[in-house]
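Take a moment to look at the sequence and the model below.

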Amino acid sequence: AKSYLVSRINPKTGEKQVALNLESERKFPRYDKIPDDVDGGKPWPQGGLMGMALHPKLLQGKPYVYLAYIHKFSGAASEGKGEEPDFKGYNFTARLVCYEYNEQTGKLSKPVVLCDTIPASNDHNGGRLFIAPVNGKDYIFYAVGDLGAGQYKNGGRTNYAQDNKKYEGKTLRCNVEPDNDLNTYDRWIPNDNPFNKEEQNAVWSSGHGNVQGIANITVGRTNFLYAAEHGPFSDDEIN
């Protein structure tokens with residue numbers, strides 16, 4: 001994750017080819033040995049280049065690859081030594097981007113940003129990216145963690161997992177292709193998302209901890225998404 005490289009690996013020979021290098025999009029320092037705290041309050045986020053999902057028709061006319069990665073450090077939420085419970089944590093921002101896969105070159109190019117304001121942290125960023133159908137139509141699901149609210153260096157961070165106006169502690173649902181909305185970013189948010197009211201809202205489900213795995217199970221004609229998520233110190237869940 002820290003390399004910010006997307007690679008193609010031949011399972012027979014082990015040959016590796018870099019399909020995309022995202023180093024230039026990482027707007028914060030890289031350290032060979034990363035301590036818990038770094039001068040200037042710039043720790044490494046948990047994760048980095050995190051989620052990847054392939055369009056179900058990748059080699060059938062829909063050459064889209066979706067990536068989620070942390071792209072910038074936004075500073076510390078309060079002054080302090082990074083000690084719980086007063087310190088409110090380190091703030092990063094993640095983005096969700098659609099790339100086109102060139103089958104001839106094996107490279108990813110032509111990035112289109114779906115959302116670049118996803119909150120992130122030095123802890124509990126979630127980061128699972130998954131494509132699954134709802135009523136026969138495919139959507140992108142992205143799990144955002146609770147950012148470590150209430151523990152360690154995020155002891156003073158407010159937990160917004162139950163606030164549906166904020167994206168932390170949520171599963172977001174986006175379109176795999178843009179719709180006809182006028183706003184550039186609204187085009188990627190399904191118009192029937194459950195919390196669309198005054199404005200478009202990518203939230204699909206709320207109240208999550210730190211989702212680190214998603215699986216789609218089909219029973220009859222119904223699809224169920226199962227999420228495995230970490231609790232604060234214990235009490236991991238499957239939802």
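How many helices and strands does the secondary structure of the protein come to? The secondary structure comes to 0 helices and 13 strands, where helices (H or I, at least four residues) and strands (E, at least two) are DSSP runs, numbered from the N terminus. Read along the sequence, the pattern is β-β-β-β-β-β-β-β-β-β-β-β-β. The model is predicted, so local features need pLDDT of at least 70 and side-chain atom pairs count only at pLDDT 80 or more, while totals for chains, interfaces and linings use all residues. Residues are numbered from 1 along each chain as its sequence is written, and side-chain values use heavy atoms, with hydrogens and water left out.

Two totals describe the protein as a whole. Of its 239 residues, 44% are buried; buried means under 20% relative accessible area, exposed means over 50%, and partly exposed lies in between (1.4 Å probe, protein chains only). The other total concerns contacts, that is, heavy atoms within 4.5 Å. Among contacts with a separation of 6 or more, 54% are between residues 24 or more positions apart.

The aromatic residues come next. The structure holds 5 aromatic pairs. Rings of Phe, Tyr and Trp (its six-membered ring) pair if their centres lie within 6.5 Å; planes under 30 degrees apart count as stacked, over 60 as edge-to-face and the rest as tilted. Why is the pair of Phe73 and Tyr90 tilted? The pair is tilted because its planes are at 45°, with the ring centres 6.5 Å apart. Phe73 lies in strand 4 (residues 64-76) and Tyr90 in strand 5 (residues 90-102), so this pair ties together parts that are 17 residues apart in sequence. Phe73 is buried at 18% relative accessibility, and Tyr90 is buried at 2%. Both residues belong to one aromatic cluster, which Phe28, Phe73, Tyr90 and Phe92 form.

Another pair consists of Phe141 and Trp204. Their ring planes are at 70° and their centres 5.8 Å apart, so the pair is edge-to-face. Phe141 is in strand 8 (residues 137-144) and Trp204 in strand 10, so the pair links distant parts of the chain, 63 residues apart.

Gly207 is partly exposed, with 31% relative accessibility, while His208 is buried at 11%. In space, the C-alpha atoms of Gly207 and Ala161 are 4.6 Å apart, although 46 residues separate them in sequence. Leaving aside neighbours within four places in sequence, Gly207 is in contact with Ala161, Gln162, Gly169 and Glu229. Which side chains make polar contacts with that of His208? One is the side chain of Thr171, at 3.3 Å, and another is that of Glu229, at 2.9 Å. A polar contact is a pair of N or O atoms within 3.5 Å; within protein, one must be able to donate a hydrogen and the other to accept it, and residues adjacent in sequence count only if both atoms are side-chain atoms.

Asp181 sits in the loop between strand 9 (170-175) and strand 10 (203-206). With a relative accessible area of 19%, Asp181 is buried. Its C-alpha atom is separated by 8.9 Å from that of Asn191, 10 residues apart along the chain.

Gln151 is in the loop between strand 8 and strand 9. Gln151 is buried, at 2% relative accessible area. Apart from residues up to four places away in sequence, Gln151 touches Asp123, His124, Pro232 and Phe233.
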